[in-house]
Amino acid sequence: MDMDRISGSVKDFTGELEGGVGDIAGDARTEGAGRAREATGAAQNLYGQAKDAARDATDAAVSYAKDAYENSGDTLREGSQAIAKKVQDNLLGSILIAGAIGFALALWTTRPPQRRR
């Protein structure tokens, strides 16, 4: 919990108390000062809440990024294993696809350059 929240709550409470005392005593100056302190305390409390929310969001984002980084190796390993299983399950199709890719690359790289006319 942020210190602004604690300090704001204390100011809010004392301002409310001072405003009530001023109202009961009929002293407009004391009541006004109390209401002003109450408003200041409420604003400070809200500021502290915003700081806490920003801190929590930052901590959550850092935690999420750290988890994603730590699990990236597992995801890559699982993907490689899934591809290997697909190749083993469909060996003939995999060989044909690899051959077609090799043939296309060979044609692409050995094509003679075109001459300008």
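A salt bridge is a side-chain nitrogen of Lys or Arg within 4 Å of a carboxyl oxygen of Asp or Glu. The views below come from a predicted model, in which local features need pLDDT of at least 70 and side-chain atom pairs count only at pLDDT 80 or more, while totals for chains, interfaces and linings use all residues. Residues are numbered from 1 along each chain as its sequence is written, and side-chain values use heavy atoms, with hydrogens and water left out.

**View 1. A salt bridge joins K51 and D4.** The closest N and O atoms of the pair are 2.9 Å apart. K51 belongs to helix α2 (residues 28-89) and D4 to helix α1, so the bridge ties together parts that are 47 residues apart in sequence. Helices (H or I, at least four residues) are DSSP runs, numbered from the N terminus. D4 is buried, at a relative accessible area of 17%, whereas K51 is partly exposed at 29%. Here buried means under 20% relative accessible area, exposed over 50%, and partly exposed in between (1.4 Å probe, protein chains only).

**View 2. The surroundings of D4 include Q44.** The side chains of D4 and Q44 make a polar contact at 3.3 Å. Such a contact is a pair of N or O atoms within 3.5 Å; within protein, one must be able to donate a hydrogen and the other to accept it, and residues adjacent in sequence count only if both atoms are side-chain atoms. Leaving aside residues up to four places away in sequence, D4 touches Q44, N45, Y47, G48 and K51, where contact means heavy atoms within 4.5 Å.

View 3. The closest N and O atoms of R35 and E38 are 3.2 Å apart. For R55 and D52 the N to O value is 2.8 Å. R55 is partly exposed at 39% relative accessibility, while D52 is buried at 8%. The count for the model comes to five salt bridges.

**View 4. Helix α3 covers residues 91-110.** Its 20 residues reach 28 Å from the first C-alpha to the last, close to the 28 Å expected at 1.5 Å a residue. The expected span is 1.5 Å times one less than the number of residues. At the start of α3, a side-chain oxygen of N90 comes within 3.4 Å of the backbone nitrogen of G93.

Technical notes. Helices (H or I, at least four residues) and strands (E, at least two) are DSSP runs, numbered from the N terminus.
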